[in-house]
Amino acid sequence: MGAGKTTAARRLAQRLGWEVVDTDALFEEKYKISVNDFFNKYDEALYRKLESEVLKATESLENVVVSTGGGTACYFDNMEWMNQHGLTVFMHISPKAAVDRVIHSRHKRPLVEGKSEEELTDFVNKHYASRMPFYEKARITVKSEDLDVDGMMNTIKENL
């Protein structure tokens, strides 16, 4: 959350001459409901199940950069599946920087909506602790505080 996944995916796809596919956008297109509204109307468990199905539907796509939500890697076999079907990149950001970005973001995030800065900081710290074992399975880790797309491109090329 707040690591810059969507921005990095767009820039990376542009440099590669590929398309960018965002799993949240695919979800919203398929189910005709925003992720935010889905969270408000249904529960997270159902969302994660459907999100996994949407992710796996990207298997047939070629020359695409797939951008996922921050929790995608942490459910079912999603991280293992992504590692088998593509080159995974963990956009590492400190919890403090993530909180700052989320507070100043125009983008609504259903898991943190309505939280105070203190509650958000606590939430992000707990999520990082529980999600880090999944994120660390990515084939590449890049620091995203100061996003360097050229450096990311070089790292990716070295790992292809």
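## Starting with a pocket

What volume does the second largest pocket have? Its volume is about 880 Å³. This is a predicted model, in which local features need pLDDT of at least 70 and side-chain atom pairs count only at pLDDT 80 or more, while totals for chains, interfaces and linings use all residues. Residues are numbered from 1 along each chain as its sequence is written, and side-chain values use heavy atoms, leaving out hydrogens and water.

On a 1 Å grid over the protein atoms alone, a pocket is an open set of points with protein on both sides within 12 Å along at least five of seven lines; a cavity is a set where a 1.4 Å probe fits but cannot get out; lining residues have an atom within 4 Å of a point. Points are joined across faces, edges and corners, and a volume is the space filled by probe spheres set on them.

## Around the second largest pocket

Of the 36 residues lining this pocket, Lys 5, Thr 6, Asp 24, His 107 and Arg 109 lie nearest its centre. Helix H1 supplies the largest share of the lining, five residues. (Helices are DSSP runs of H or I with at least four residues, numbered from the N terminus.)

## The largest pocket

The largest pocket holds about 1000 Å³ of space. Its lining has 40 residues, with Val 65, Val 66, Leu 87, Thr 88 and Val 89 nearest the centre. Here too, H1 gives the most, with five residues.

The search of the whole structure finds one cavity of 30 Å³ or more. The largest cavity has a volume of about 50 Å³, and its lining includes Met 1, Phe 123 and Tyr 135.

Methods
Helices (H or I, at least four residues) and strands (E, at least two) are DSSP runs, numbered from the N terminus.
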